[in-house]
Amino acid sequence: MKLYDVIRKEDREKGTPLREIEIEPVVIHRQKSPRKPTFVFKKIIIISLVPLFLAFLYIAGMKVVRATVVVTQRQIPFTLDGAEFELDQETAGTTGRLSFQTMIVPAEVSRQVYGSQVEPSTSYAKGKVVFFNEYSTKAQTVKAKTKLTAADGKTYTTLENAVVPGYTIQNKVKTAGTSTATAIVATSIGPTYNTSGTSFVVSGWTGTKAKQFYAQSAGQVTGGEDGVAHSVSTADQADVIATLQAQLLERLKRETRAQIPDTLLAFPDLQAATISSDSITLKGASVKFPASIKGTMVTYLISREMLESAIANRVLSDHTYARVSIPTINDLTVIPVSQLPSDPKNTPDTILVKISGTGTIITKAPIETIRQSLVGKSKKGFESIFSEIPEISSAEYHFYPFWAPFFPQSPSRIKIDIQ
């Protein structure tokens with residue numbers, strides 16, 4: 001019998017009320033099984049992947065990195081007040097010295113005028129010829145006033161000496177020696193001596209020799225007249241000539257400017273215009289005719305780069321820059337100390353000029369040198385690299401991606417912007 005039943009029986013026999021027996025619940029504690037270390041493993045994996053991810057970013061950054069470097073060049077203001085510079089003729093000067101070149105530009109202008117005067121018009125036809133030497137390998141000389149006979153029998157004379165080189169033979173092919181163009185004039189007046197082109201027999205060369213040594217016209221032979229012509233009145237000639245000269249000077253300047261390359265500089269006081277008085281035409285065959293005039297502009301040109309460097313050498317005591325520029329160099333005043341000859345045949349060996357004005361010298365950054373000095377370098381060495389380049393006032397860089405620690409290994413991935 002169970003204990004509970006015994007107690008209940010005793011209580012009934014004693015007549016005591018039945019008691020409720022509280023039975024304390026029995027709590028059974030179960031032993032926990034050990035937890036699997038899943039979180040720890042995940043944590044270890046994540047921690048181990050971080051360096052790998054960073055390494056990936058590093059490698060990717062090295063592969064695709066691009067850099068842009070913005071540099072500010074030094075700007076140095078200067079003032080010149082009549083500073084003297086000597087220019088050597090380029091063909092006679094020495095390498096590295098300030099020199100000049102000569103540009104010769106011819107031009108012609110005309111305008112319609114009325115000839116109120118009628119006067120006799122007689123003149124000799126003029127032109128130029130080229131001599132050919134198939135006779136000898138030795139040079140031949142044709143003296144001035146040598147007679148030339150055209151194919152139609154008209155005769156002319158030379159106005160200057162001409163040297164005709166001997167012929168040459170190469171690969172069994174004979175090439176005649178040719179002279180420069182030589183001026184000639186007709187022996188008689190009249191338009192019958194005008195020709196668009198013809199051949200000439202040279203006096204003293206006859207028979208077979210005449211076929212081996214001969215001349216041909218170089219362009220037209222013109223100007224021969226014999227009759228009457230209309231001309232500008234004496235009272236109007238001065239005004240017509242002045243107008244033609246002004247138009248000619250403007251055209252000479254315009255055509256000269258169009259032919260000057262960007263590497264050369266032309267200053268107004270280093271130009272000389274020559275107007276040929278013999279070229280002025282103030283008469284014509286009818287009442288209305290074109291009056292014309294011819295001239296030549298001789299310009300003494302200076303190398304822009306050399307002049308910029310010469311000015312920098314003069315005004316900067318510590319000039320060690322490989323290249324400089326002066327954007328407003330055309331605004332400087334350049335005046336020759338002595339008058340320049342207008343005849344290009346009398347070009348001087350040296351020209352002394354005075355230069356005045358203000359400007360700013362900009363030190364040109366050596367872009368390729370900068371680019372090569374940055375290839376593969378660390379960002380940390382950026383400032384030290386630019387501290388050794390005197391042309392640079394300041395510099396900054398921008399990376400893509402920004403975390404890349406080194407400049408690209410390829411120079412093409414480094415862009416240099418000049419500010």
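**Reading helix, core and charge pairs in a predicted model**

Mentor: In helix α4, the residues Val240, Leu244, Leu248, Leu252 and Thr256 are buried, where buried means under 20% relative accessible area, exposed over 50%, and partly exposed in between (1.4 Å probe, protein chains only). This is a predicted model, in which local features need pLDDT of at least 70 and side-chain atom pairs count only at pLDDT 80 or more, while totals for chains, interfaces and linings use all residues. Residues are numbered from 1 along each chain as its sequence is written, and side-chain values use heavy atoms, with hydrogens and water left out.

Trainee: Which elements do the buried residues of α4 pack against?

Mentor: Contact means heavy atoms within 4.5 Å. The buried residues of α4 pack against β3 (99-114), β17 (271-281) and β19 (288-303). Helices (H or I, at least four residues) and strands (E, at least two) are DSSP runs, numbered from the N terminus.

Trainee: What should the 26 residues of helix α4 span?

Mentor: The expected span of a helix is 1.5 Å times one less than its number of residues. For α4 (residues 234-259) this gives 38 Å, and the end C-alpha atoms are 38 Å apart, which agrees.

Trainee: Which residues have the most contacts inside the largest nonpolar core?

Mentor: A nonpolar core is a set of buried Ala, Val, Leu, Ile, Met, Phe, Trp, Tyr and Cys residues joined through side-chain atoms within 4.5 Å. The largest one here has 29 residues, and those with the most contacts inside it are Phe85, Leu270, Leu307, Ile311, Val353 and Ile355. At least two residues of this core come from each of β2 (75-89), β19, α5 and β22 (350-363); β2 supplies the largest share, 5 residues. Ile355 touches, among others, Leu80, Phe85, Leu307 and Leu332.

Trainee: Is asparagine 133 buried or exposed?

Mentor: Asparagine 133 counts as buried because its relative accessibility is 0%. This residue is placed in strand β4 (residues 117-133).

Trainee: Which backbone oxygen atoms lie by a polar atom of the asparagine 133 side chain?

Mentor: A polar contact is a pair of N or O atoms within 3.5 Å; within protein, one must be able to donate a hydrogen and the other to accept it, and residues adjacent in sequence count only if both atoms are side-chain atoms. The backbone oxygen of lysine 138 lies 3.1 Å from a polar atom of that side chain, and the backbone oxygen of proline 165 lies 3.3 Å from one.

Trainee: How many salt bridges does the count come to?

Mentor: Side chains of opposite charge can pair when their charged atoms come close. A salt bridge is a side-chain nitrogen of Lys or Arg within 4 Å of a carboxyl oxygen of Asp or Glu, and the count comes to 6. Arginine 97 and aspartate 88 form one, with the closest N and O atoms 2.5 Å apart. Aspartate 88 is buried at 9%, whereas arginine 97, at 35% relative accessibility, is partly exposed. Glu86, Asp88 and Arg97 are linked in a network of salt bridges.

Trainee: Which residues does glutamate 308 form salt bridges with?

Mentor: Glutamate 308 pairs with arginine 304, the closest N and O atoms being 3.2 Å apart, and with arginine 323, where they are 4.0 Å apart. Glutamate 308 lies in helix α5 and arginine 323 in the loop between α5 and β20 (324-325), so this pair ties together parts 15 residues apart in sequence.

Technical notes
Lists of a residue's contacts leave out its neighbours within four places in sequence.
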